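Reader: I would like to go through this structure with you, one topic at a time. Could we start with the pockets and then move on to the metal site?

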Amino acid sequence: MAWAVSNGRHLMELPSVVLAGRDVLPETGSLIRGHGLSGHVVVASGPNVWAALGEKLRASLSEADFESSWVEVGAPDLAAVEEVEKEVVKTGSKVVVGMGGGKSIDVAKLAAFRQGARMISVPTSASHDGMSSPFASIRGFGRSYSAVTKPPFAIVADLGVILGAPPRTFNGGVGDLLAKLTAVKDWQLARDEKGEYYGTYAANLARMSAVMVEEEASNIGSRNDEGISGLIEALISAGVAAGIAGSSRPCSGAEHLFSHALDRIAPGKGLHGEKTGLGSIMMAKLHGLDWERIRRALVEAKAPSRAGELGLTDEEVVEGLLAAPSVRPDRYTILHKLRLDADQARELAVETGVI
Ligand SMILES: [Zn+2]
């Protein structure tokens with residue numbers, strides 16, 4: 001929190017422009033031109049996304065008098081970030097577009113930040129809040145870490161593109177948003193017990209994004225325009241809440257630490273947001289919140305509410321709960337306070353129906 005608030009000053013960084021709706025991708029060029037950008041644009045994306053959407057984006061940029069070049073992103077690691085940076089330097093570009101489900105956006109975010117370029121986020125799925133947040137999850141130094149960058153300058157969320165993503169990606173978005181209910185509780189706990197900085201506005205905004213998902217759960221479950229538009233808006237709001245807080249506190253609490261612990265314990269099982277969804281059911285119970293409401297919202301949205309749906313074993317869930325506090329010892333949460341033993345962890349998972 002130190003960087004967000006120092007000497008009584010608070011730095012908020014927010015996206016300048018958000019365009020969301022059907023068939024908005026071809027407007028990318030004119031949108032960013034209208035906001036004073038010009039010259040060369042570097043686009044970072046995976047090969048499949050580029051094959052499906054690259055020509056549309058390139059044509060849109062060209063119509064608005066931008067030159068552009070593509071850098072293929074494989075893994076979200078420092079090597080990929082450096083590749084994008086090299087292209088930015090070579091072309092003298094002031095704009096980097098990240099187009100994809102998350103990895104390419106994160107790579108573009110960090111590369112643009114390091115090169116002082118503007119970042120344009122073009123999400124192709126609604127699986128988590130990275131499309132608008134100032135954080136980039138980049139692998140490097142042998143572990144996963146979230147780098148603090150700037151929020152994207154612009155977000156172009158094409159509903160048609162996002163509706164075409166695998167249905168499971170929506171589960172991730174739902175779970176990542178319901179997680180804000182418990183993340184905010186953890187933030188309040190850290191304020192009350194550790195004197196940590198707490199921003200009411202950022203906290204309320206993050207919580208509102210979760211409430212939106214609860215209200216739209218059945219529309220999201222039927223994958224209709226109204227539900228998925230609401231999901232996209234809520235994901236953008238949640239990322240903005242992190243930008244306002246200057247930290248991931250409003251968006252990420254013990255349920256996220258549980259998800260990160262499972263990344264290590266059971267790699268490849270479940271999306272990030274699917275795991276935070278399970279985590280938030282259990283953390284809600286520990287916080288004395290109405291955990292059944294969270295479970296119901298997941299079920300209505302057709303997202304997983306039981307570990308078995310993700311192929312996770314009972315043992316992995318228990319281990320995840322026990323390992324979660326050590327993922328980030330400095331981030332005080334309900335799991336740091338209660339320090340569950342194996343029996344208590346199992347009981348919690350059983351009572352909430354997660355295992
Ligand atoms: Zn998340």
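**Pocket, zinc site and cavity**

Author: Please note that this is a predicted model. By class, 9 nonpolar, 2 polar and 4 charged residues make up the lining of the second largest pocket.

Reader: How much space lies in the second largest pocket?

Author: The second largest pocket holds about 230 Å³ of space. It is lined by 15 residues, and those closest to its centre are Ala117, Arg118, Lys150, Pro151 and Phe153.

Reader: Which elements give two or more residues to that lining?

Author: They are α4 (103–115) and β7 (118–123). The largest share, 3 residues, comes from α4.

Reader: Turning to the metal, which protein donors does the zinc ion have?

Author: The zinc ion has Asp176 (OD), His256 (NE2) and His272 (NE2) as its protein donors, at 2.1 to 2.2 Å. Along the chain, the donors follow the spacing D-x79-H-x15-H. Aspartate 176 in helix α6 (residues 168–194) and histidine 272 in helix α10 (residues 272–286) are 96 residues apart, and this pair links distant parts of the chain.

Reader: Is aspartate 176 buried or exposed?

Author: Aspartate 176 has a relative accessible area of 0%, so it is buried, the cut-off for that class being under 20%.

Reader: And what about histidine 272, in which class does it fall?

Author: Histidine 272 is partly exposed, because its relative accessible area is 28%, and that class lies between the 20% and 50% cut-offs.

Reader: His256 is also a donor. Which residues of α9 are buried?

Author: His256 is one of them.

Reader: What span should helix α9 have, and how far apart are its end C-alpha atoms?

Author: Helix α9 (residues 254–265) has 12 residues, so at 1.5 Å a residue it should span 16 Å. The expected value takes one less than the number of residues. Its end C-alpha atoms are 16 Å apart, in agreement with that value.

Reader: A change of topic: how many cavities of 30 Å³ or more are there?

Author: The count comes to 2 cavities of 30 Å³ or more. The second largest cavity contains about 30 Å³ of space.

Reader: Which residues line the second largest cavity?

Author: The lining consists of Gly101, Gly102, Ile105, Pro123, Ser125, Ser127, His128, Gly130 and Met131. By class, that lining has 3 nonpolar and 6 polar residues, with no charged residues.

Conventions:
Residues numbered from 1 in each chain as written. Predicted model: local features only at pLDDT ≥ 70, side-chain atom pairs only at ≥ 80, totals over all residues. Heavy atoms only, no water. 1 Å grid on protein atoms, 1.4 Å probe; cavity = no way out; pocket = protein on both sides within 12 Å on 5 of 7 lines; lining within 4 Å. Points joined across faces, edges and corners; volume = space filled by probe spheres on them. Helix = DSSP H or I, 4+ residues; strand = E, 2+ residues; numbered from the N terminus. Nonpolar A, V, L, I, M, F, W, Y, C, P; charged D, E, K, R; others polar. Donors = N, O, S within 2.8 Å, 3.2 Å for Na, K, Ca; no water. Buried < 20%, exposed > 50% of the residue type's maximum accessible area, 1.4 Å probe, protein only.
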